[in-house]
Every structure is written in structure tokens, then in C-alpha cells.
Amino acid sequence: MTTTTFISINTSIPGPKSMELIEKRKTYVPKGVGNNAPIFVEKADGALIHDVDGNVLLDFAGAIGTLNVGHRPEEVVEAIKAQLDKYIHTCFHVAMYEPYLALAEKLAEITPGAFEKKTILLNSGAEAVENAVKIARKYTGRSGIVSFTRGFHGRTLLGMSLTSKVKPYKFQMGPFAPATYKAMFPYPLHRPVDMTEEAYAEFCVSQFDDFLHTEVAPEELAAVIMEPVQGEGGFIIPHKKFVQGIYNICRKHDILFIADEVQTGFGRTGEMFASTHFDIEPDLITMSKSLAAGMPISAVLGRAEIMDAPSPGEIGGTYGGSPLGCVAALAVIEKMEKENLVDRSRQIGEQIMQNFLTLQKELPIIAEVRGLGAMCAIELLHPSTKQPMKEFTSAYTKSLCEQGVIMLSAGVHGNILRFLTPLVITDEQLIEGLGIMNRLLVSMYQSTVATEVK
């Protein structure tokens, strides 16, 4: 039986054309604009990227979780083309348009919560977070906002203030926004060995309760913002009792609960929204990334009475909820529902998890294999010292790219491999990519770690 291969590497990575463009980039683009894969893209389809040198690579990064429905889905492309023939932009604040309403209505239908909801559409995840905080403060009349260690909420001033990782996001960027506080988020891998996951979750909830006595009074808090599964922080999946515990404390003290679903939303975790896994109904939800298959659009959705707190003109933006982004988002949601990509997310996650759980028996550097749906991660620790293997992980992702698999790391120590594959990836493509990952990981372990451990 002939095995189909999708990856095709015909030059070095980067190839000569990409190298030429990289030199041009050095002249015109600041070095602070980082990137992972040293290639320039010619075209992309589904889970495949074609670079300017004729190489074809498998995309396991999905533009940092932006492409759950894949690169350039036909339905989205056609929706955008049709909208271009009508109008590109009128600014919703000047002259309104129906796609904005249609998307707001659809989001109200598919998000958790059996109550009336309203939505403001914006441009980016960070902008959604900023506006969610403004709305929460306006509604409650309070100023304090609590986020969590290892959380990521954007690169704007308030986004950085809520974000936990210092480098590269916050270093020498302060001072930061006031009235922002950080509570401890669970790290199940590092819980005490004699403590069950459930007991650990309950302990972390009790820590949060203490936090409200030692750091900030609940009467001063407008909202708690939480990623149901931490993204940049390392795909950390908290126990259900922790999320529900924080949620219930918020209820007790009239603190709004904001679910930051920018990365976890739209099928990534095996539910349309990750909040569903934890049986919570957030007061506000921020979303972006895979909402529109790469078109810049984001949203804050919430309880109608909360969303109505700001007066006209107090929230919004010139390009917020662009018509092109709206029709793209509607096409994305229709495609997800029609092709049942939420179920596909679970199938992808099962394949990834099983692959690395098997490999873990052979490679002691794999400290943990974790995942929820297709939001999976592999944490690499040194077998002897149990220290994070940042340099190894960096070298591994670099070598993976050279062999045709684009992969991202994550975590405050940069030692976690995170999977953000498009949910339209085929089984054959996934198997090919995992095969390359397995062979390279075994080879690098044997050549750099195994001898030292022995």
C-alpha cells in the first residue's frame, strides 16, 4: 500500500527566497515583531502551508489557534468575496449593517448561558479583553480585576497588566494598569504527590478565598478573568472543582466572571466553548482567534443587563465588527456545525494523546501528556533534575520546522509543546506529522540526554 505524503522539503529551511525576504524584513520590520517559522508563505490550504521556495509544510500551529477551520476554507472565501461586491466598511457607529446583527444573534445561540445576551464586535482578542473590563467596571461600579498566574490576555497596556509572563510580554514595559491583581492558578503536574487532583483543586480554591482577605477585598472587585484552559501559560487544564469554586465565590460576592475564550473557543477543546466542560455560565465571554478563520474580528458577549451598562459611545471602535469579519465568522460557524468539527476536535485530541502516551513509556523527558479536545500539550522536563528543558524544546521545534512540521512551544519556561492543528486536518496528515515528531524526539533524546542520564 502506498503511503501518501503531504510534506515536501526541496530546499533548506529557510530556502533562498525566504532568506532574501528575511534580509529585507531586517531592514523594514522591527526585531520586536517575533516569528517562529523562518519562512515566507506563498499560499496555504487546510492544514498545509506552501512557502515561496516551493516547500510544503504541515501546520500544527494554526496561526496560534486562529485556524480551527483551516487555511482559506472555501465557504469563508466565498462569503468574503460576496461581501466585497456589496460594501467593505461603513463603520457600524455611522451606518449599521445586517451581518453585525446576524453574528451577534448567532453567538447568543451557541454560547453557554440560558439568559438574554448581547454582543459587541471588535478587532482583536486584546481589544475584547479591554472592553470586557470596561463593561464590568461600568456595571459594578468597582475597579478591581483579578487574573491568574501564567494567564495571557494580550499585549495592550491592560492586557499586559493582566498577563502573568514577564518575558517577552512585560519586561521594561511598565508601569502597568492599577487595580489589577493576580491569584494563583493550579498546576496539576506539580501538586503534592500525596494529594489527589480533587483535593488539590479544593486547596487552590481555599487559596483564592485567602487571597480575598490578604490582597484585595471582594467589595472592590468588578470581575475575575480566567482562561478556562490556559493557553500561552502551557495548556494547563484545571480541575472542574477549581473553576466552579472560583465561579461560586464570584457569585457570592457579586463579582463578574469573565471567561477568556480567545484561544479555547470554537471547538478547540472538544466543545464549542471550553466553559461548557466546567458547567459554568460566564457573565462575559471574550472571543477572537478562530472566530473568523484569520479575518480580524473579536467579540465580547454577556448578559444583556451587563452589556447595556455603558452609555452610547463608551464602547466600540472604528473598525470593530467589520462586515468582512462578520460574514467570515458566520461562514466559519456554519462550517463547524455542518461538518461537526467539535467532534473532530475530540478525535484529533485522542490521536495526539495516545501517540505521546505511548512514546512517554520510552522517553522519560515527557513529564506529562495533557489535553482537552484538540488542545493538547507535551511538557518536557529533564529526567534527573526535573528542570524545564527550554533549550531542548527550542531546538526541537526548530528542527521540526526544518523537517516540515510547524510547531509552537508554550509555558513560562518555554518547555511545553502545544498543538493547535486545524480541525480540518486529515488523519493521514496528522499521522505523518506525528511520525516526524516521534522520530525526531527519540533521536534528539538519544543524542543529547540519554547518555547523560545513564
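Visitor: Before we start, what should I keep in mind about the model?

Guide: It is predicted, so local features need pLDDT of at least 70 and side-chain atom pairs count only at pLDDT 80 or more, while totals for chains, interfaces and linings use all residues. Residues are numbered from 1 along each chain as its sequence is written, and side-chain values use heavy atoms, with hydrogens and water left out.

Visitor: Let's begin with charges. How many salt bridges are there?

Guide: Side chains of opposite charge can pair when their charged atoms come close. The rule here asks for a side-chain nitrogen of Lys or Arg within 4 Å of a carboxyl oxygen of Asp or Glu. By that rule the count is 21 salt bridges. One of them pairs Lys138 with Glu314, at 3.1 Å from N to O. Lys138 sits in helix H5 (residues 125-140) and Glu314 in the loop between helix H9 (304-307) and helix H10 (323-338), so this pair ties together parts that are 176 residues apart in sequence. Helices here are DSSP runs of H or I with at least four residues, strands are E runs of at least two, and both are numbered from the N terminus.

Visitor: Which residue forms a salt bridge with Arg346?

Guide: That is Glu271, with the closest N and O atoms 3.7 Å apart. Arg346 belongs to helix H11 (residues 341-360) and Glu271 to the loop between strand S8 (256-260) and strand S9 (284-287), so the pair links parts 75 residues apart in sequence.

Visitor: What about a charged residue without a partner? Where is Lys170?

Guide: Lys170 is in the loop between helix H6 (157-162) and strand S6 (180-183). Lys170 is buried yet has no salt bridge, and the nearest side chain of opposite charge, Glu227, is 12 Å away. In this scheme Lys and Arg count as positive and Asp and Glu as negative, with His and the chain ends not counted.

Visitor: What does the side chain of Lys170 reach, then?

Guide: The side chain of Lys170 reaches the backbone oxygen of Thr163 at 2.9 Å. Beyond its neighbours within four places in sequence, Lys170 is in contact (heavy atoms within 4.5 Å) with residues including Met160, Phe176 and Lys182.

Visitor: Which peptide bonds are cis?

Guide: Most residues other than glycine have a negative phi, and most peptide bonds are trans. A cis bond joins Lys167 and Pro168, with omega about 5 degrees, and another joins Gly174 and Pro175, also with omega about 5 degrees.

Visitor: Which residues have a positive phi although they are not glycine?

Guide: Ile64 has a positive phi of about 55 degrees and is placed in helix H2 (residues 62-65). Arg72 has a positive phi of about 50 degrees and is in the loop between H2 and helix H3 (74-84). As for accessibility, Ile64 is partly exposed at 39%, whereas Arg72 is exposed at 51%.

How values were computed: Buried means under 20% relative accessible area, exposed over 50%, partly exposed in between (1.4 Å probe, protein chains only). A polar contact is a pair of N or O atoms within 3.5 Å; within protein, one must be able to donate a hydrogen and the other to accept it, and residues adjacent in sequence count only if both atoms are side-chain atoms.
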